[in-house]
Amino acid sequence: MPVESGSSAAARQAKQKRKSHSLSIRRTNSTEQERLGLQRDMLEGQDSKLPLSLRTNLLDLFSQIEREFENLYIENLELRREIETLNDRLADGQTVEGADLAKGALKTKASHSTSQLSQKLKTTYKASTSKIVSSFKATTSRAVCQLVREYVGHRDGIWDLSVSRTQPVVLGTASADHSAMLWSIETGKCLLKYAGHQGSVNSIKFHPTEQMALTASGDQTAHIWRYMVQLPTPQPVADISQTPCEDDVDSSDKDEADGEAEGPSDCPSLRVATTTLRSHQGVVIAADWLVGGKQAVTASWDRAANLYDVETAELVHSLTGHDQELTHCCTHPTQRLVVTSSRDTTFRLWDFRDPSIHSVNVFQGHTDTVTSAVFTVGDNVVSGSDDRTVKVWDLKNMRSPIATIRTDSAVNRISVSVTQKIIALPHDNRQVRLFDMAGVRLARLPQSNRTVREPAASSVLL
């Protein structure tokens, strides 16, 4: 009968141990679901201020940590047993892998095995914990937001808002109720109501140097109108911490309050536009001023954007090329650049810096409707889409985004803070989230209990 060599016996023993190791891991995985179910049942019976969904998420994360370390612990035990077996055989003078190992060689092999184990532990630990850290990072808030004031008066949804760049500083809102309103930011008082449109007012932008506003409407026109307002004396700010939260107010009280605030009765109205921009064959979804305020650009559902001379209201250029309806347009704050977005999944950059050459670049960075694309103070463009992503682009190199924000809901018309470079993302799920230009989440704005089509109130949050 052939005698099994020492190396063959060692190989067979190692193979059996690895098999037992894999069986133990399978047994561990098979009971994992039962253990998670029991822990969830225990969590549901405990008192905690955390929502159940958050507690369940935390439980899953910690279960992943436990499972990774349990596997590492089992593997560590197996490796230690193999080292001890080798040490025992070497002490008895047996041959290992066809060679006699001296004590110095034994120490070298043991040290090498230990270093390999240590490196493997570090690599696995780093890989597992990086996933956990990224999961927590996505929900970490570094900014605290609270409701400061509401501006109540519109009778339908608010599509856009803007803040004037000249004194007096006022807030402007555009609404589906066919009107645009100007508000005192400090007091929340309505200063002026513009009612010159025959359709939904889809956007509002203020002139960079004069007291003029530009509004785009579903009546296929854009209006330029002048305003003169006087800010009221601000009242002392009430202690918000003592004000009952909307969730604590009885529903009957809320209905009464909403009924009383159907609209500001003493708000003066304006019905005649200074200039009317016509030429579109569809809804004008957005409009903006070019730098200097002598020209304005509009975006329409007729798949074109138009550039107008403000003084004469004449059409200067028709920007065509999009395959489907436009969703937004935006101008650069310091350069003659225009960016338009469309339902055709693209956004286009139009360059008017050279009077003799009007170039256009097409960017296909999204897989669904590009709901908006806006410039920042620097050389960046931020685009949002129904594909649940927001991307930050560098104007000097637009081949690939420098940051990508992935969300759980479609992104509507985004806004970028001029001074702090903060991106505000309004979602279809009625949440607004704040990110920095690197794509790091800062905060989520408090969610209102009001329905989408209820008489709307725009909010300023700090």
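Select residues 171–175 in this predicted model. They form strand β3, which is joined to β2 by five bridges. The two strands run antiparallel.

β2 and β3 belong to an open sheet of five strands, in the order β2-β3-β4-β5-β9. The pairing is mixed. Which strands form the edges? They are β2 (158–163) and β9 (269–270), and each pairs on one side only. Strands of a sheet pair through backbone hydrogen bonds, either parallel or antiparallel.

Stay between β2 and β3. The loop there holds Pro168. Show the backbone at Gln167 and Pro168: a cis peptide bond joins them, with omega at about -5 degrees.

Most residues other than glycine have a negative phi, and most peptide bonds are trans.

Go to Thr345, in the loop between β16 (337–342) and β17 (347–354). Thr345 is not a glycine, yet its phi is positive, about 70 degrees. Is Thr345 buried or partly exposed? Thr345 counts as partly exposed, at 23% relative accessibility.

Jump to Arg430, in the loop between β24 (422–426) and β25. Arg430 also has a positive phi of about 70 degrees, although it is not a glycine. Arg430 is partly exposed, with a relative accessible area of 37%.

**Salt bridges**

How many salt bridges does a search of the whole structure find? It finds eight. Visit these in turn.

Select helix α3, residues 52–91. Arg81 and Glu78 both sit in this helix, three residues apart, about one turn. Their side chains meet in a salt bridge at 2.9 Å, N to O. Check the accessibility of each partner. Arg81 is partly exposed, with a relative accessible area of 40%. Glu78 is buried, at 14%, because its value falls under the 20% cut-off.

Move to Arg353 and Asp351. Their side chains form a salt bridge of 2.7 Å, N to O. Arg353 is partly exposed, with a relative accessible area of 47%. Asp351 counts as buried, at 16% relative accessibility.

Now take Asp408 with Arg433. This salt bridge spans 3.3 Å, N to O. Asp408 lies in the loop between β22 (403–406) and β23 (415–416), and Arg433 lies in strand β25 (residues 432–436), so the pair ties together parts that are 25 residues apart in sequence. Asp408 counts as partly exposed, at 47% relative accessibility. Arg433 is buried, with a relative accessible area of 7%.

Then select Asp160, Lys205 and Arg413 together. Salt bridges that share partners join these residues into one network.

**Around Thr389**

Centre on Thr389, in strand β21 (residues 389–394). Thr389 is buried, with a relative accessible area of 6%. Which side chain makes a polar contact with that of Thr389? Asp387 does, at 2.7 Å.

Show what else surrounds Thr389. Leaving aside neighbours within four places in sequence, Thr389 is in contact with His366, Ser383, Gly384, Ile405, Arg406, Thr407 and Val411.

Colour the chain by its record next.

**Zoom out**

Show the whole chain. The secondary structure comes to five helices and 27 strands. Buried residues make up 39% of the 462 residues. Of the contacts with a separation of 6 or more, 49% are between residues 24 or more positions apart. Finish with the surface. The chain exposes about 26,000 Å², and carbon and sulfur atoms supply 51% of that area.

Note on methods
Residues are numbered from 1 along each chain as its sequence is written. This is a predicted model: local features need pLDDT of at least 70, side-chain atom pairs count only at pLDDT 80 or more; totals for chains, interfaces and linings use all residues. Side-chain values use heavy atoms; hydrogens and water are left out. Two strands pair if DSSP finds at least two bridges between them. Helices (H or I, at least four residues) and strands (E, at least two) are DSSP runs, numbered from the N terminus. Buried means under 20% relative accessible area, exposed over 50%, partly exposed in between (1.4 Å probe, protein chains only). A polar contact is a pair of N or O atoms within 3.5 Å; within protein, one must be able to donate a hydrogen and the other to accept it, and residues adjacent in sequence count only if both atoms are side-chain atoms. Contact means heavy atoms within 4.5 Å. A salt bridge is a side-chain nitrogen of Lys or Arg within 4 Å of a carboxyl oxygen of Asp or Glu. Accessible areas come from the Shrake-Rupley method with a 1.4 Å probe; for residues, only the protein chains shown count as cover.
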